[in-house]
Amino acid sequence: MMRWRTYSSYLEERFHKRIFRIGIDGGFSCPNRVGRNGGCTFCDRSGSVAVYQRKGEGCFHHDSPFDPEVSSRFASTPPVREQIERGKAFLKERYKAEGFSLYFQSFTNTYAPLDVLERKYDEALSYGPFAEFIVSTRPDTVPDDVLDLLASYKTENMDVWVELGLQSANDNTLKRINRGHGVDAYTDASRRIKEHGLLLSTHVILGLPDEGDDDFIHTAEVLDDVKTDAVKIHNLQILGGTEMEAEYRRGEIKLLSPDEYMDALILFLRHLSSKVIVGRLIGESPMHRLLAPRDFPDKSAFISRLCKKMEEENYFQGDLYDA
């Protein structure tokens, strides 16, 4: 029995086959990087693009040492069609994928004029079919005309998701990490996304500077209030080339240990509605780009320990919300 609602089980229920996301870089930038003092303090130059899309990085492994020059050496990405073909081949071989979702992953994927967005979306979708069309973006970069465009792609056989980066529901924290928006922007964007009939996923980070249990609970409560359909959660990580790297080296940031993060994660999950799909539980930044923490177990080992602890304590996602 799973103690939280997994994304894989949702996809199986929805599509009755093994669906996997193809993460692509659509060539977008970010308004927070372009015009607001360098962007979020945790964001590196890669924009979180999937490692299998970054030529030359296949030589690195889970135990590779930190290399601060990696982001600049392997920053280029191939054309969209090549990325999709590469993604399909990788996911079929590694996971025996039977279907695919198209995931515009890197940077702010609604940050362009409407005609440019439509052209890029249309091109990528032409290499389908896809079960889901997923667009990752910011709460302050989803005007109604963009949501109208995204809604126009919905079909009986393809869902459309908007992924919003919130990170924390504490406005002081958002200022501290230079997000460039407040919680109100997130709640407004979430409302309009729902009004357009789109599915909503929210990104959060547990362990941001000066945050504790009350902040984790409050962030879960805000996600419950807007009725997010899914959440991606990960621990704070320090990547090379970021402002946070400099802060961490100056001793201004304390990271959660694996046990502390697990406790924070369980607390967050228990206050999150059991209806919310959990798409991620731990950060998976490539080790060659990760300065700290470097003592976390890999994803499968961490999830195994999480399952065991929640079973031993008889905890479930939503048991402090749904009650």
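**Entry 1: overview.** The model is a predicted one. I counted twelve helices and nine strands in the chain. Of its 323 residues, 54% are buried. I also looked at contacts with a separation of 6 or more, and 82% of them join residues 24 or more positions apart.

**Entry 2: cis peptides.** I found a cis bond joining Gly 128 and Pro 129, with omega about 10°. Pro 129 sits in the loop between helix 5 (114-125) and strand 3. The bond from Ala 292 to Pro 293 is cis too, its omega near -5°. I placed Pro 293 in the loop between strand 9 (290-292) and helix 12 (299-313).

**Entry 3: positive phi.** Asp 210 is not a glycine, yet its phi is positive, about 70°. I located Asp 210 in the loop between strand 5 and helix 9. Is Asp 210 buried or exposed? Its relative accessibility is 74%, so I put it down as exposed. Asn 314, also not a glycine, has a positive phi of about 55° and belongs to the segment after helix 12.

**Entry 4: helix 9.** I checked the length of helix 9 (residues 213-226): at 1.5 Å a residue its 14 residues should span 20 Å, and the end C-alpha atoms are 21 Å apart, which agrees. Its buried residues include Phe 216, Ile 217, Val 222 and Leu 223, and also Asp 215 and Asp 224. Among the elements covering them I noted strand 4, helix 8 (183-195) and helix 11. Just after helix 9, Lys 227 takes a positive phi of about 60°.

**Entry 5: cores.** Which residues touch the most other members of the largest nonpolar core? I got Phe 133, Leu 150 and Ile 233, out of 76 residues. Helix 11 (residues 258-270) gives this core its largest share, seven residues. A second, separate core has eleven residues, Tyr 10, Trp 161, Ala 230 and Ile 277 among them. Going back to Ile 233, I looked past its neighbours within four places in sequence and found contacts including Val 204, Leu 206, Tyr 261, Leu 265, Phe 268 and Arg 280.

Entry 6: My search of the whole structure turned up two cavities of 30 Å³ or more. The largest cavity holds about 100 Å³. Its lining includes Tyr 7, Arg 21, Glu 132, Trp 161, Glu 163 and Lys 232, and divides into five nonpolar, two polar and four charged residues. Strands 3 (132-137), 4 (159-167), 6 (230-235) and 8 (277-280) each supply at least two of the lining residues.

Next I turned to the second largest pocket, with about 190 Å³ of space. It has 14 lining residues, and those closest to its centre are Lys 227, Thr 228, Ser 273, Lys 275 and Val 276. I sorted that lining into six nonpolar, two polar and six charged.

**Entry 7: Tyr 95.** Last, I looked up Tyr 95, which lies in helix 4 (residues 80-95). At 35% relative accessibility, Tyr 95 counts as partly exposed. Beyond its neighbours within four places in sequence, Tyr 95 is in contact with Arg 18, Phe 20 and Phe 90. Tyr 95 and Phe 20 are 75 residues apart in sequence, with 8.3 Å between their C-alpha atoms.

Methods:
Residues numbered from 1 in each chain as written. Predicted model: local features only at pLDDT ≥ 70, side-chain atom pairs only at ≥ 80, totals over all residues. Heavy atoms only, no water. Core = buried A, V, L, I, M, F, W, Y, C linked by side-chain atoms within 4.5 Å. Buried < 20%, exposed > 50% of the residue type's maximum accessible area, 1.4 Å probe, protein only. Helix = DSSP H or I, 4+ residues; strand = E, 2+ residues; numbered from the N terminus. Contact = heavy atoms within 4.5 Å. 1 Å grid on protein atoms, 1.4 Å probe; cavity = no way out; pocket = protein on both sides within 12 Å on 5 of 7 lines; lining within 4 Å. Points joined across faces, edges and corners; volume = space filled by probe spheres on them. Nonpolar A, V, L, I, M, F, W, Y, C, P; charged D, E, K, R; others polar. Expected span 1.5 Å × (residues − 1).
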